[in-house]
Amino acid sequence: MSLASNERESNCNRFMAGMLTRPALLSNLFILTMMLLNRTFAAIVAVCTLLSGCLAQDPLPTTYKDPKTGISFDTWNVPGSSGTGGLTFGMALPSTALEDDATEFIGYLHCAANNATTARGWCGISLGGSMVDSLLLIAYPDRGRVRTSLRFTSGYTMPGVYTGNATVTQISSAVNATGFSLTFHCRDCLHWSQNGTTGSASTSGSMLDFGYAQSIEAPVNPSCPDGIRLARHDSQGTWTALLDSAASESYDKWRALANHTVPTNCTNTRGRNSSVPSPSRLFGNRLFG
């Protein structure tokens, strides 16, 4: 037998040996891959358990038509957690908002509660996604009315009063033992500027980032929105919202319904609410999302 023939036979034997051992190799690779995937999945679950903001909200909106006003909203639901009842936030936009960035919107907020005691708590929406450097809308019930406060912060502390041009004018509101709801016009709320920090929410991209926070404790000094003190929120998170049918030709007609401003009483800065949260519950460094 020639040298070339012996070499071919040797190569063939090595190939056949490799084929015979390949099933075991593939099996070992499969087991190793599954172990890595399981560990990765376990790590993701652990992180999501620690961070309530990891609870993903459905970006696709649900259409809600207000029975009293006929206003049609794109809405997104946030489930309750940590004792909170969850919330629903909705938005209606000018007819050209998906082509040119809008600066205003008509909003809908329903803040749910598990019982009459927690129904006194507040809800907050970040119009830029993050608690920091975004315009924040705080809403809460007070003696059968719903009050609002526009806030801004550049740190994870109690947000200060927003001093820009944005204003909130109410269309309708309701308060009961299971929470409160508010329909409102928010003028100049989709762009903001405070202390040299600017930002905006671009509607022309058909997508917006929102943040939310909810507390089961009532604000201190509720009759004066500019002077409230907030307990640290019990749940928070962020979500990306796709704008489906938020822009409407009826927007101007709906906006004309906004004609109600709730009177304030800021003469007593200590407020009527004597139930002041403990120091551990005061607004601290937890995030909107």
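User: Is Asp-188 buried or exposed?

Analyst: Asp-188 is buried, at a relative accessible area of 19%. Buried means under 20%, exposed over 50%, and partly exposed in between (1.4 Å probe, protein chains only). This is a predicted model: local features need pLDDT of at least 70, side-chain atom pairs need 80 or more, and totals for chains, interfaces and linings use all residues. Residues are numbered from 1 along each chain as its sequence is written, and side-chain values use heavy atoms, without hydrogens or water.

User: Where is Asp-188 found, and what is its phi?

Analyst: Asp-188 is in the loop between strand S10 (179–187) and strand S11 (191–194). Strands are DSSP runs of E, at least two residues, numbered from the N terminus. The phi of Asp-188 is positive, near 55 degrees, and the residue is not glycine.

User: What about Ser-82: buried or exposed?

Analyst: Ser-82 is exposed, with 54% relative accessibility. Ser-82 sits in the loop between strand S2 (72–78) and strand S3 (87–92). Its phi is also positive, about 55 degrees, though Ser-82 is not a glycine.

User: How do I read the largest pocket, and what is its volume?

Analyst: A pocket is an open set of points on a 1 Å grid over the protein atoms alone, where a 1.4 Å probe fits, with protein on both sides within 12 Å along at least five of seven lines. Here the largest pocket has a volume of about 340 Å³, the space filled by probe spheres set on the points.

User: Which residues line the largest pocket?

Analyst: The lining has 15 residues, each with an atom within 4 Å of a point. Nearest the centre lie Thr-148, Ser-149, Leu-150, Val-168 and Pro-225. Strand S7 (145–152) gives the largest share, 5 residues. Strand S9 (167–176) supplies at least two.

Key
Helices (H or I, at least four residues) and strands (E, at least two) are DSSP runs, numbered from the N terminus.
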